[in-house]
Amino acid sequence: MSILNVLLRPDQLLVAVDTLAENASTGEVSTGAKLLLIPQHNVVLAARGSTQFFLRMYELSLQASFRADFTMEQLMAELGLVIDKLWPAYEKAADEAGLPRASLGTELVLGGWSPKNGRMAATAYAKHDSAVPAIVQPLDGGLASPGEPLEGIPDSFELVDVLAAGRLQVAWLNRAVGRQVAGGRLLIASLSESQAIVQDLGAL
């Protein structure tokens, strides 16, 4: 579990994640980057859920980014199909490790500058069961996961507000689960047409 927030407008994309990582088999806690850049195309991939699955999707996305005909739109179209193709192997590995399938799940966001459309764009993906195709949702304005603690709070790109929202979500999520499943620090990636910046906004 973790938090994943996206703010989107035509000239800017902001993605925020926490850094708490937990080994599902041992319970060991560490720090992990749940957002990673493909800088040559001004693209970011971020995740909530399995970090191992996220890292595999990032590896494949990074490989795709070296294609001469690479476009973000094509990667967005392919990503849901790739998730569906890889998910059975992920479930099998979880079974072999003795992890309950109910604990499996991933939410991914791919976004960045679209030269084709002259604006920022982002798509969200969710997967929980190999029997059901990945949910693919182009974003219009943003995404908050979990969204419940932010209901009624207006979206804001101000960094102090982004950090405050993250703290609300972490506190709510940890209470809902009954233990610490999110936390650490809040990392953000802020992308515009010609710039990608990763910042640590502080402790959650």
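Contact, in these legends, means heavy atoms within 4.5 Å. The model is predicted, with local features needing pLDDT of at least 70 and side-chain atom pairs counting only at pLDDT 80 or more, while totals for chains, interfaces and linings use all residues. Residues are numbered from 1 along each chain as its sequence is written, and side-chain values use heavy atoms, with hydrogens and water left out.

View 1. Thr106 is buried (under 20% relative accessible area, with a 1.4 Å probe and protein chains only), its relative accessible area being 1%. Apart from neighbours within four places in sequence, Thr106 is in contact with Arg48, Gly49, Phe53, Trp87, Tyr125, Ala126, Lys127 and His128.

**View 2. Packing of helix H1 (residues 51-64) against helix H2 (residues 72-96).** The two helices (DSSP runs of H or I, at least four residues) pack at an angle of about 140 degrees, with their axes, 11 Å apart, taken as lines fitted to C-alpha atoms over the stretch in contact and the angle running from 0 to 180 degrees between N-to-C directions. Phe53, Arg56, Met57, Leu60, Ser61 and Ala64 in H1 meet H2 residues Leu75, Leu79, Val82, Ile83, Leu86, Trp87 and Tyr90.

**View 3. Hairpin of strands S11 (residues 185-192) and S12 (residues 195-203).** These strands (DSSP runs of E, at least two residues) run antiparallel and are joined by eight bridges, where pairing requires that DSSP finds at least two bridges between the strands. Two residues lie between S11 and S12 in the hairpin, and Ser190 stands opposite Ile197 in S12.

Terms used:
Buried means under 20% relative accessible area, exposed over 50%, partly exposed in between (1.4 Å probe, protein chains only).
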